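Here are a few exercises to work through with the model open beside you. Try each task before reading its solution.

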Amino acid sequence: MRGNKFVTGILTILFFTVLANYNTASVQAASADYRTLFNADYYYRTYSDVASACGKDETALYAHFVRYGMSEGRSGSGEFDLDAYRARYSDLEEAFGDSVVPYYNHYLSYGRSEGRIATKDGVPFSGLTKKQKTEDAAKTAKADADATKQDNEASAESAAIPASVIGSYTTYYEESESRATNIKVAAQRINGVVLQPGGTFSFSATILPRTAANGYVSAPVIINKTMSQGIGGGICQVSSTLYAAMLTAGLPATERHPHSLAISYLPAGMDATISGTSKDLKFKNIYEKPLKIIANAKDGKLEIALAFQE
């Protein structure tokens, strides 16, 4: 009997140790970068429904993985298979049960460094194939070249994108259209806004009322599922691009409304419309560091990023 109590005591200690580790992992996971568990090509090839919805847009695919894929138990790459990880380690199954996302967080915070295997075939993950490494190297080289070119062409007033960026998105607009003015004004108003941990952001309040006095002009706007003219038309591209950047950063909205009509500059489900004081885009800084919004609209290109302020 005494021996059984001893064994039970040991198991209890182990159980609560795992739970304590998980609580720490949950805090760390708030700022975890799930990109290390994600390969866009793998995700596109593995899930046909996601491929149909997002196409080969890497940003949209990653946003789907963070917002929906993990909670549905999908694999972002060959490195992590939820069912295999659960089946292989009974201590995790006992601690987390049917709560899905904690398994991903545990692997990122502990499992990988502990050498735990999460692949479907039980073989330690060896990383990308030689072809994928070559392709990624080419992409990186091209991205570096493009970045260098953009840095050389950008004016001193252009928003610098720091290394601490946790999410970003880019959309495009016609520079010659009247809505371009509103996009630039709205982007300028949100650029540089810093949210302290726990702080809240209101897009509508930040860009100020859409009036001529505040720099806005008349442009096409969606009203009740029809295109019309209105002061401030085009600002929803800024709010939608910000929302898309939030998705890539794993930052949930506390208020968000979709357009009543399909839009062309973003995949379905990634938009966020603004309407007077009745519809807004809001979010809370869930991280433990100040969060900065970086927005730049120039030459038909709108870039918005979210970064930790150093």
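**Exercise 1.** In what order do the strands of the open sheet of 4 strands come, and how are they paired?

*Solution.* Before starting, note that this is a predicted model, where local features need pLDDT of at least 70, side-chain atom pairs count only at pLDDT 80 or more, and totals for chains, interfaces and linings use all residues. Residues are numbered from 1 along each chain as its sequence is written, and side-chain values use heavy atoms, with hydrogens and water left out.

Step 1: Helices (H or I, at least four residues) and strands (E, at least two) are DSSP runs numbered from the N terminus, and two strands pair if DSSP finds at least two bridges between them.

Step 2: read off the order, which is E1-E9-E8-E2, with antiparallel pairing.

Step 3: look at the edges. E1 (165-172) and E2 (194-195) each have a single partner strand, so one side of each is left without a neighbour in the sheet.

**Exercise 2.** Find the bridges that tie E9 into the sheet.

*Solution.* Step 1: take E1, which pairs with E9 (residues 301-308) over 7 bridges. Val165 has Ala307 as its bridge partner there.

Step 1: turn to E8, joined to E9 by 8 bridges. Here Lys292 is bridged to Ala307.

Step 2: check the turn. The hairpin of E8 and E9 has 2 residues between the strands, and Asp299 takes a positive phi near 55 degrees.

Step 3: ask how covered E9 is. With buried meaning under 20% relative accessible area (1.4 Å probe, protein chains only), 6 of its 8 residues are buried, so E9 is largely enclosed by the rest of the structure.

**Exercise 3.** Is Thr241 buried or exposed, and which residues does Thr241 touch?

Step 1: get the cover. Thr241 has a relative accessible area of 0%, so it counts as buried.

Step 2: list the contacts (heavy atoms within 4.5 Å). Leaving out residues up to four places away in sequence, Thr241 touches Tyr169, Thr170, Thr171, Leu266, Leu302 and Ile304.

Step 3: pick out the polar one. The side chains of Thr241 and Thr171 make a polar contact at 2.9 Å; that term means a pair of N or O atoms within 3.5 Å, where within protein one must be able to donate a hydrogen and the other to accept it, and residues adjacent in sequence count only if both atoms are side-chain atoms.

Technical notes
Buried means under 20% relative accessible area, exposed over 50%, partly exposed in between (1.4 Å probe, protein chains only).
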